[in-house]
Amino acid sequence: YALLAVAAALLAVWARKGLVESTAERPRAVDGWDMLLLGLALAGLLAGLVETRAGGPGRALALLVGGGVAAVAFVVVELRRRSPMLDLRLLRRPDFAGATVGALATGAGVIATMSFLPTLLQRAFGHDALYAAVLLLGWSATSVVTALLARRIPVAARVQLAAGLFGVAVGQVLLAGLDGSAGMLRLLPGLVVAGVASGVLNAALGRQAVAS
């Protein structure tokens, strides 16, 4: 955590000095109700999913229902806005919908896997936190570098998106079947393959969503 705090502080200083501010030609008002409803929906649904394993069924059901009601209210509000925070009509566009589904698959797949992997390495395999963090760099660091280089790949964003999803799937398959004896050499191939594919995929997702 200390290393992350130092890295975040250095990144903030660099961003303040090195990044160029981008502003819209016609500024839009910020609507607090949109943010409140979306925040309640996400918090309720996520907390409800956690409580299905950690708490009582009554509390989990209440959170899920509350999150669902907030999500429905958010959709109703957005459809009635002249300038919504999230224009739901964009989902009618195949290219935007494809990018959105791709992002959902990424979150439910490789990001979920990598979020759980450090816990697995520590609690099931007996490694310390630093070992787990360094090993995870095989995915995270590779992903960052590849994302920065993705703009130089002379291939359409749609092709990059499809190739990235396929590569992430290959990387996850390589991580399947782990047991307590799995060491760095067993884990690194899948992490690196998934990392390269994730970098291409993340860059393509953002570019495709904005372009559409």
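This is a predicted model: local features need pLDDT of at least 70, side-chain atom pairs count only at pLDDT 80 or more; totals for chains, interfaces and linings use all residues.

1. In its second largest pocket, the residues of the lining comprise five nonpolar, one polar and five charged. The space in this pocket amounts to about 200 Å³.

2. The second pocket: residues. The lining of the second largest pocket is made up of R28, A29, V30, D31, D34, M35, R81, R82, S83, P84 and M85.

3. The largest pocket. The largest pocket has a volume of about 390 Å³. Which residues line the largest pocket? They are Y1, L3, L4, A7, A129, L130 and A133. By class, the lining of the largest pocket consists of seven nonpolar residues, with no polar and no charged ones. Two helices, α1 (2–18) and α5 (129–149), each contribute at least two residues to this lining.

4. Helix α3, which covers residues 57–80, contains E78. Is E78 buried or exposed? E78 is buried, and it has no salt bridge. The side chain of E78 does, however, reach backbone atoms. The backbone nitrogen of M85 is 3.0 Å from the side chain of E78, and the backbone nitrogen of L86 lies 2.8 Å from a polar atom of that side chain.

5. The position of L61. L61 also has its place in helix α3. Why is L61 counted as exposed? Its relative accessible area is 54%, and exposed means over 50%, so L61 falls in that class. In sequence, L61 and L45 are 16 residues apart. In space, the C-alpha atoms of L61 and L45 are 9.6 Å apart.

6. The chain as a whole. How many helices and strands does the protein chain have? There are seven helices and zero strands, and the pattern along the sequence reads α-α-α-α-α-α-α. The C-alpha trace spans about 55 × 50 × 35 Å along its principal axes. The protein chain has 212 residues, of which 27% count as buried.

How values were computed:
Residues are numbered from 1 along each chain as its sequence is written. Side-chain values use heavy atoms; hydrogens and water are left out. On a 1 Å grid over the protein atoms alone, a cavity is a set of points where a 1.4 Å probe fits but cannot get out, and a pocket is an open set with protein on both sides within 12 Å along at least five of seven lines; lining residues have an atom within 4 Å of a point. Grid points are joined across faces, edges and corners, and a volume is the space filled by probe spheres set on the points. Helices (H or I, at least four residues) and strands (E, at least two) are DSSP runs, numbered from the N terminus. Ala, Val, Leu, Ile, Met, Phe, Trp, Tyr, Cys and Pro count as nonpolar, Asp, Glu, Lys and Arg as charged, and the others, Gly among them, as polar. Buried means under 20% relative accessible area, exposed over 50%, partly exposed in between (1.4 Å probe, protein chains only). Lys and Arg count as positive and Asp and Glu as negative; His and the chain ends are not counted. A salt bridge is a side-chain nitrogen of Lys or Arg within 4 Å of a carboxyl oxygen of Asp or Glu. A polar contact is a pair of N or O atoms within 3.5 Å; within protein, one must be able to donate a hydrogen and the other to accept it, and residues adjacent in sequence count only if both atoms are side-chain atoms.
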